[in-house]
Amino acid sequence: MAVSVFDLFKIGIGPSSSHTVGPMRAANMFIAQVMSHKLEHRIDSIKTELYGSLSHTGRGHGTDKAIILGLLGEEPDKVDPDRIPALMAAVEQTEKIKANDAITLAFKSKKHLVWHKRKKLPLHSNGMQFTALDKAGNELLKKAYYSVGGGFILAHSHLAKEHIMEDDSDLPYPFTSGDELIELCHQHDMTIAQIMYANELTWRSQNEIDQQLDTIWHAMEACVQRGIKADGVLPGGLKVVRRAPKIFRDLDQKTEKDLADPLTVLDWINMYALAVSEENAAGGRVVTAPTNGAAGIIPAVLHYYKHFIPESTEQGIRDFLLTAAAVGILYKTKASISGAEVGCQGEVGVASSMAAAGLAAALHLTPDEVENAAEIAMEHNLGLTCDPIGGLVQIPCIERNAMGSIKSINAVRMADRNDGTHTVSLDKVIKTMKETGDDMKEHYKETSRGGLAVNIIEC
């Protein structure tokens with residue numbers, strides 16, 4: 001199935017692509033189903049049931065708010081984060097939801113939002129079920145959806161048939177593995193970015209592709225800027241203090257003598273990653289890259305490229321995003337980008353691998369070296385668990401983005417010192433990542449029932 005660059009890179013809100021962005025989209029989809037079945041004059045309420053990982057960490061990830069916003073007709077890329085508190089307050093006070101300004105629904109949180117912590121739907125840990133009810137409580141319509149990572153949503157029927165995407169477009173350069181992608185590059189004397197660009201022309205004009213790539217990059221830049229200005233404590237009860245603003249002020253005041261420390265560049269990379277991750281944790285606007293939990297890595301490495309590589313160009317940034325997306329598509333279609341399915345190796349690990357490939361491409365490394373960089377980055381994230389303390393995308397998630405960014409850059413430097421030949425291929429490491437995720441205990445898959453989540457006493 002065909003997957004676009006802009007399926008992976010989507011502008012949304014924090015703190016989670018699978019627990020916030022996905023459920024918001026699913027609620028929107030269900031409202032559309034209600035309308036298509038012409039039930040608007042019979043429906044009284046909608047009951048939402050959350051299962052598996054969504055039920056375990058959904059409150060900390062804002063899943064309840066996301067469901068309400070989706071039923072209201074809000075969309076992840078368009079909703080104003082500053083308006084969300086007022087929208088939530090209005091629903092709580094009136095016990096009504098005005099869905100798409102067309103349907104008035106009765107809504108009481110305890111009655112219409114059900115958390116099944118001991119149950120899972122059969123096809124994925126991030127399952128949810130919506131039921132439209134009339135005033136007598138009779139069922140009018142029921143649909144199950146799965147949030148499979150990165151904001152992707154699949155209906156039960158699609159996932160049961162193992163559909164990845166519904167788009168069956170014929171691409172000029174189709175590939176289903178890293179080996180096929182590299183062979184295409186060799187055969188046609190093209191870069192990975194050129195392969196991806198040619199495929200994107202299936203759906204969009206050159207101008208549209210360039211504009212959307214620039215929009216994604218500018219959204220990442222804006223997120224960093226918001227993150228370095230927003231002092232304070234992150235919501236949720238862990239009392240995590242934002243660090244990016246202070247690090248930025250300290251770095252901005254350094255003298256030339258201070259900058260002589262060659263490791264100062266690491267401070268900048270850490271700051272970029274923390275700024276985005278803290279903004280995500282606060283429910284701000286971020287780019288899924290490929291998920292919200294790992295949203296700080298690609299922006300951090302892109303900022304490193306722009307500000308610390310003298311030869312950086314606008315085209316280099318576009319090539320970075322195109323190449324990173326090619327690698328992300330391989331993980332999405334051959335394994336998973338869902339922490340609830342394979343642990344954090346599927347989020348931070350994949351983002352680190354994507355960022356390494358993107359940076360290698362922007363630095364004009366060969367396709368073989370790009371593939372090597374992507375493989376190195378993932379190889380050293382294998383087995384990474386997802387164990388958020390308190391069900392919040394804060395500890396260890398925020399620092400993990402900074403560490404993943406550094407790994408990406410080091411992977412590129414290692415690949416650049418090689419000749420492109422290597423023992424472990426990207427395909428092999430993707431296969432290994434999936435198998436490792438399959439073997440991983442459920443406690444370590446975004447449930448907050450293992451690891452740091454149970455060994456750190458909440459204050």
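In helix α17, Glu371, Ala374, Glu375, Met378 and Glu379 meet Leu426, Val429 and Met433 of helix α19, where contact means heavy atoms within 4.5 Å. By class, this contact has 5 nonpolar, no polar and 3 charged residues (nonpolar: Ala, Val, Leu, Ile, Met, Phe, Trp, Tyr, Cys and Pro; charged: Asp, Glu, Lys and Arg; polar: the others, Gly among them). The model is predicted, so local features need pLDDT of at least 70 and side-chain atom pairs count only at pLDDT 80 or more, while totals for chains, interfaces and linings use all residues. Residues are numbered from 1 along each chain as its sequence is written, and side-chain values use heavy atoms, with hydrogens and water left out.

Helix α17 (residues 367–379) and helix α19 (residues 426–439) pack at an angle of about 25°, with axes 9 Å apart. The two are therefore roughly parallel (angles under 35 degrees).

Helix α16 (residues 348–362) also packs on α17: the axes come within 8 Å and cross at roughly 155°. Helix α16 is therefore roughly antiparallel to α17 (angles over 145 degrees). Among the contact residues are Gly349, Ala356 and Ala360 of α16 and Val370, Ala373 and Ala377 of α17. This contact has 10 nonpolar, 3 polar and 1 charged residues.

At the level of the whole chain, an automatic or database assignment gives domain 1 (17–155) and domain 2 (178–202 + 204–444). Their C-alpha centres lie 30 Å apart, and the contact takes 20 residues from domain 1 and 18 residues from domain 2.

Key:
Axes fitted to C-alpha atoms, helices over the stretch in contact; angles between N-to-C directions. Helix = DSSP H or I, 4+ residues; strand = E, 2+ residues; numbered from the N terminus. Parallel < 35°, antiparallel > 145°, perpendicular 65-115°, else oblique.
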